[in-house]
Amino acid sequence: MDKKERKFSEVNKKTVEQILSALDVMYPFDFTCFLNYEREKPWQLLIATILSAQCTDDRVNLVTKDLFCKYPGLEAFAQADYAELSEDIRSTGFYRVKAKNIMESAHQLLVKHHGELPSDIDSLTLLPGVGRKTANVVRGHIFQIPSIVVDTHVKRVTFKLGLTQFTDPEKIEFELMEILPESHWIAYNQQIITHGRRICTARSPKCEQCSLSEWCKAFLLK
């Protein structure tokens, strides 16, 4: 991190503490995952997160309810008929690319990792269709490894709060890793995503109901 970014972090230390305190009051952390999966089958979360790209979690949960019954294991996904799997996940969007990535990721997990999910981010991001966001979802929820997940809500709300000067998800991730205490990384993900869904929505933010408005650049500029 360069000098400009270090200075940014130092200046906002008190603000960060205040925002995190407000979030803890609004959304006591309960480690809820927004995507449905069976805990004894952690690979389901990987597939669900791949499907969630450019798609709502609610839609993914509707699809995976039947999908995980039809394909009960990694072997079933690795050996799936490409056209049939594509049709099964059509409603999630970009279904042809997602079907290919799911099949190839399942195959690699079986061949290279003996059917187990790796916990390190380098191994995860080598899987087809798995970027840092997907890898960090898995690391946080499956392995409880402190990780920052930058989805559309985290990106939007974090920028409004002035906690980042970037719009690129990976740069936001690394900046948040600098300014947030590691013990709060996973909680921040959950709290901001919840806030982005309930209050600070993209189209019609409920500013009058927002307890974070005093730090919100968009609100202060109104």
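Predicted model: local features only at pLDDT ≥ 70, side-chain atom pairs only at ≥ 80, totals over all residues.
## Basis

Local features need pLDDT of at least 70, side-chain atom pairs count only at pLDDT 80 or more, and totals for chains, interfaces and linings use all residues. Residues are numbered from 1 along each chain as its sequence is written, and side-chain values use heavy atoms, without hydrogens and water.

## Helix α2

Helices are DSSP runs (H or I, at least four residues), numbered from the N terminus. Helix α2 covers residues 13–26, 14 residues in total. From first C-alpha to last it reaches 20 Å, close to the 20 Å expected at 1.5 Å a residue. That expected span is 1.5 Å times one less than the number of residues.

Val16, Ile19, Leu20, Ala22 and Leu23 are the buried residues of α2 (under 20% relative accessible area, 1.4 Å probe, protein chains only). Seen down the axis of α2, they fall within an arc of 160°, so they line one face of the helix. The arc is taken from the directions from the helix axis to the C-beta atoms. These buried residues pack against α11 (169–179) and α12 (185–198), where contact means heavy atoms within 4.5 Å. On the other side of α2, Lys14 and Val25 are exposed (over 50%).

## The cavity

A cavity is a set of points on a 1 Å grid over the protein atoms alone where a 1.4 Å probe fits but cannot get out; lining residues have an atom within 4 Å of a point. Grid points are joined across faces, edges and corners, and a volume is the space filled by probe spheres set on the points.

The count is 1 cavity of 30 Å³ or more. The largest cavity holds about 40 Å³. Its lining includes Trp43, Leu74 and Ser105. Helices α3 (43–51) and α7 (95–113) each give two or more residues to this lining.

## The pockets

A pocket is an open set of grid points with protein on both sides within 12 Å along at least five of seven lines. The largest pocket has a volume of about 920 Å³. It is lined by 40 residues, with Ser52, Asp57, Lys133, Asp151 and Thr152 nearest its centre. Helix α9 gives the largest share of the lining, 7 residues.

The second largest pocket holds about 170 Å³. Among its lining residues are Met26, Tyr27, Phe34, Gln190 and Arg198. Here α12 gives the most, with 4 residues.
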